[in-house]
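Reader: I'm new to reading protein structures. Could you take one part and walk me through it closely?

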Amino acid sequence: MADFSQQLNTLREGIDELDAQLVELLAKRSALTTQVGQIKAESGMPVYVPEREKALIATRRAQAEREGVSPELTEDLLRRIMRESYHTQNNRYRCVNPSLGTVVVIGGAGALGKVFVGLFERSGYTVEVVEQQDWESGDAQKTLSRAALVVVAVPINVTEQVIEQLTMLPNDCILADITSIKEKPLAAMLATHQGPVVGLHPMFGPDAPGMIKQVVVVCDGREQTKYTWLIDQMRIWGATIHQSSASEHDKSMAYIQVMRHFNTFVYGAHLKGENPDLETLTMFSSPIYRLELAMVGRLFAQAPALYADIIFNNPDNFSLLRRFYERFGVALSLLENNDKEAFIEQFSAIGEWFGDYAKTCLVDSKQLLLKADDGQLLRKK
């Protein structure tokens, strides 16, 4: 037994030494990626280059196969390392429009507003923030009257009200909003301001470190050529730009936000009513169910007023929720009638509607499930 223990200790010492070398290599790689970030900032190159990342992953996967190492493990490690390196590269960015003037973020002290303030500042723009107290003191009017770009980053329920007060903006000032709905805010901006107008929807939350690999929806309003630089600036920040009409955007958001949030709200309400022990549920759950439960729990860790505004803002969406309710009832009737055949038939029809996308989801979700299965991830502590 002593021999085995000695052998094991020797092997463990070797592993510890290799782990220490891995940390040293990570530090060296981080130093290099910091230099890369500096060069990109000076040249205006985007932080995230999809083609470069794809080629790097493919090369290292091939090397892993030759070395007898799992290509999946190699890719997983590299993607995590690269995600970290993107964040070490974004200390500053090239300023696309250095002669712009002052950028004003209304609501810049808020969660998402702070993200935009930070991005503009790291790009070398002069940034000012307007909050509620500034309106009361009269400072807001002075600040806004000399703005070159105004970004409205306030809660949905007061967005239009705030926009309607922006009558003091210079004619050449660009007016933008970052609300998760677009038709009403865009219409309000066009009616209030005669200069350049654009609607933006950053498809990420305030916990995101920036725009790297994030989607920003752009809904053109007026004088697009005047804010082309802003779109270019967001690309440099790492964003993927998706052009859309305000109408198309809001119709999609009814499914992506309103229906999903409301469904999660009802699921949470049902759990509360049934009152199961959450720790027991997580212990009995496979990774996929822990992920699903985590998405429910995540909603209720956030501000209720925010989600109330999203759901209640557009009564036109209520009919969509009513149809969802009716289809739930139809599905439940299949169970009550013990009609397993009809259930399987509907299941197959839905699968055909999803088509190849369902297969893509099956493959991609495996990576998420592997991460969820590490240690005690997503188990109730």
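**A close look at helix H4**

Author: Let's start where helix H4 stops: glycine 124 follows it, with a positive phi near 90°. Helices here are DSSP runs of H or I with at least four residues, strands are E runs of at least two, and both are numbered from the N terminus. Keep in mind that this is a predicted model, where local features need pLDDT of at least 70 and side-chain atom pairs count only at pLDDT 80 or more, while totals for chains, interfaces and linings use all residues. Residues are numbered from 1 along each chain as its sequence is written, and side-chain values use heavy atoms, with hydrogens and water left out.

Which residues of H4 are buried? Leu112, Gly113, Val115, Phe116, Val117, Gly118, Leu119 and Phe120 are, where buried means under 20% relative accessible area with a 1.4 Å probe, protein chains only. Their cover includes strands E1 (102-106), E2 (126-130), E3 (147-152) and E5 (197-202), plus helix H9 (228-236); contact means heavy atoms within 4.5 Å.

To zoom out, an unreviewed UniProt entry lists residues 101-365 as "domain: Prephenate/arogenate dehydrogenase", though such annotations may be inferred rather than shown by experiment. Over residues 101-365 the chain is 58% helix and 14% strand, with end C-alpha atoms 45 Å apart.

Key
Buried < 20%, exposed > 50% of the residue type's maximum accessible area, 1.4 Å probe, protein only.
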